[in-house]
Amino acid sequence: MDLEEILTRGVAEIITKEELLEKLRSGRTLRLKMGFDPSKPNLHIGHYVGLRKIRQLQDLGHTVVLIVGDWTAQIGDPSGRDESRTMLDPETVRANAETYMQQFFRVVDRSRTEVRWQSEWFGKFTLADVFNLTSRFTLGQMMAHETFRKRYEQGLPLSLMELLYPLLQAYDSIAVDADVEFGGTDQKFNILAGRELQRMLGKEPQNVFLVPLLVGLDGRKMSKTFNNTIDLVDPPEEMYGKIMSMGDDVIIEYFILTTDVPMAEIEEMEREMKAGRVNPRDLKMRLARELITQLYDAEAARKAEEEFVRVFQRRELPSEMPQFRLTEPKNIVDLLVEAGLAASKSEARRLIQQGGVKLNEEVISDIEATIALTEPAVLRVGKRRFVQLVP
RNA sequence: GGGCAGGUACCCUAGUGGCCAACGGGGUCUGACUGUAAAUCAGAUGGCUCAGCCUUCGGAGGUUCGAAUCCUCCCCUGCCCA
């Protein structure tokens, strides 16, 4: 991928591009800053967009400085959120950071990464330092941040501590001497604060590198509450299924932002799809293969596809399913709960009444039914939950 | 410190003495349909020993035959005044 593509494909905004190009051409090893919030240890496919960017620049010889936001995590990033968060205890933060980094280094080159904890510098911050930092920004500046303004105007709680978040993140740039800081477009305010602070303190201001926010599988904002994310830790089969459940109109965007498929080829796909000459399903299958190959390997992608075709297209049984030992006759409701197919007996009854429970592909409609086994059987709930019963 | 408005199920919201396990939306689940775990449509969505019972409407008490709804105190949030 050439420099021009690195700086345009999957890039929302660079402040300023000229300045960054100059730095890149200077021959210096640049310090690429990226922070993360260890209160949310799971990376999803949205983060992947930015990580790939970082990796691409890393491959040009630059150093990544990964900042563990163990102090800002206790505040909670106010960006794009409308309520404050309760503080986390240090052990949780530490454990989360571990989990996060495991995933982070599946994409980013560990050998060219410097990991720094905010506590290195904020641990010995004094009130004098806080004065020095806070005196440089005004309330008006903070209220220019859309999230703060919105919460204030809507009469929602907004603590002074939260106002500090952008300042702490800005100070990180001073502490690690950042040349470029990465983030999603929702990070613009915070990253710019860092740039400004550097300038105020007579340092060379960092460049702001913003990657677009990837939309969720259903085209809405990607969010846990909508359950429209793909987690980096999702197993291949899960990823495959999730990609197949994606709305047709986001397919191309995913190709551009999350794969290395050449742009020319992607444009061709878009044309073919618009003209109705290609089934979007097949493009999604390709996307699933690409992504799983990148995150796992080609073999995992092949297996996941095989499984998907088997279970969902041909409606056959999955090749592997959890087993449950049933030695003596048992009421179906109890069985569903014990086998983990229903969360409560009430739910089990509901599932039966709605016709969602099948034993060897035969619907069980009687909640009083007793299941006895002489040979293995498959108990199924809905389309995708299976348990193999063995005597 | 004073005044006003709020805190309802996973989330948002309606409910201001019995018809309330609580309207509606989101989410989730199931069914139908399909190119798919898409879209669309329909239903369900506290628990249980299930025509009944138990637990739930910020917390603790109280009034009442009966409380999410009334009273008292407390905790939390926003606004206005100081």
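How do strand β9 (residues 357-359) and strand β12 (residues 377-381) pair, in the parallel or the antiparallel sense? In this predicted model, local features need pLDDT of at least 70, side-chain atom pairs count only at pLDDT 80 or more, and totals for chains, interfaces and linings use all residues. Residues are numbered from 1 along each chain as its sequence is written, chains are lettered from A and ligands numbered from 1 in the order in which they are written, and side-chain values use heavy atoms, with hydrogens and water left out.

The pairing of β9 with β12 turns out to be antiparallel, over three bridges. Here strands (E, at least two residues) and helices (H or I, at least four) are DSSP runs numbered from the N terminus, and two strands pair if DSSP finds at least two bridges between them. Within β12, Arg 380 is the bridge partner of Lys 358. Both strands belong to an open, mixed sheet of five, running β7-β13-β12-β9-β10. β7 (323-325) and β10 (362-363) sit at its edges with a single partner strand each, so one side of each has no neighbour in the sheet.

Sugar or phosphate accounts for 66% of the RNA strand B atoms within 4 Å of the protein, and bases for the rest. On the phosphate side, a backbone N or O atom of Ser 346 lies 2.5 Å from a phosphate oxygen of RNA strand B, while a side-chain N or O atom of Ser 344 is 2.7 Å from a phosphate oxygen. As for the bases, a polar side-chain atom of Lys 284 lies 2.6 Å from a base nitrogen. Two or more residues of this surface come from each of α12, α15 (280-295), α16 and α18 (345-353), with α18 giving the most, five.

α12 (236-244) and α16 (298-313) also each supply at least two residues to the lining of the second largest pocket. On a 1 Å grid over the protein atoms alone, a pocket is an open set of points with protein on both sides within 12 Å along at least five of seven lines, a cavity is a set where a 1.4 Å probe fits but cannot get out, and lining residues have an atom within 4 Å of a point. The space in this pocket is about 930 Å³, and of its 30 lining residues, Glu 237, Glu 238, Gly 241, Phe 312 and Arg 384 are the closest to its centre. The biggest contribution, eight residues, is from α16.

The largest share, four residues, is from α3.

Elsewhere, 27 salt bridges turn up across the whole structure, each a side-chain nitrogen of Lys or Arg within 4 Å of a carboxyl oxygen of Asp or Glu. One of them joins Glu 204 to Arg 28, with the closest N and O atoms 3.8 Å apart. This pair links distant parts of the chain, 176 residues apart: Glu 204 is in the loop between α11 (188-200) and β6 (207-211), and Arg 28 in the loop between α2 (17-25) and β2 (31-36).

Terms used. Grid points are joined across faces, edges and corners, and a volume is the space filled by probe spheres set on the points. A residue is near a molecule or strand if one of its heavy atoms lies within 4 Å of it. A polar contact is a pair of N or O atoms within 3.5 Å; within protein, one must be able to donate a hydrogen and the other to accept it, and residues adjacent in sequence count only if both atoms are side-chain atoms.
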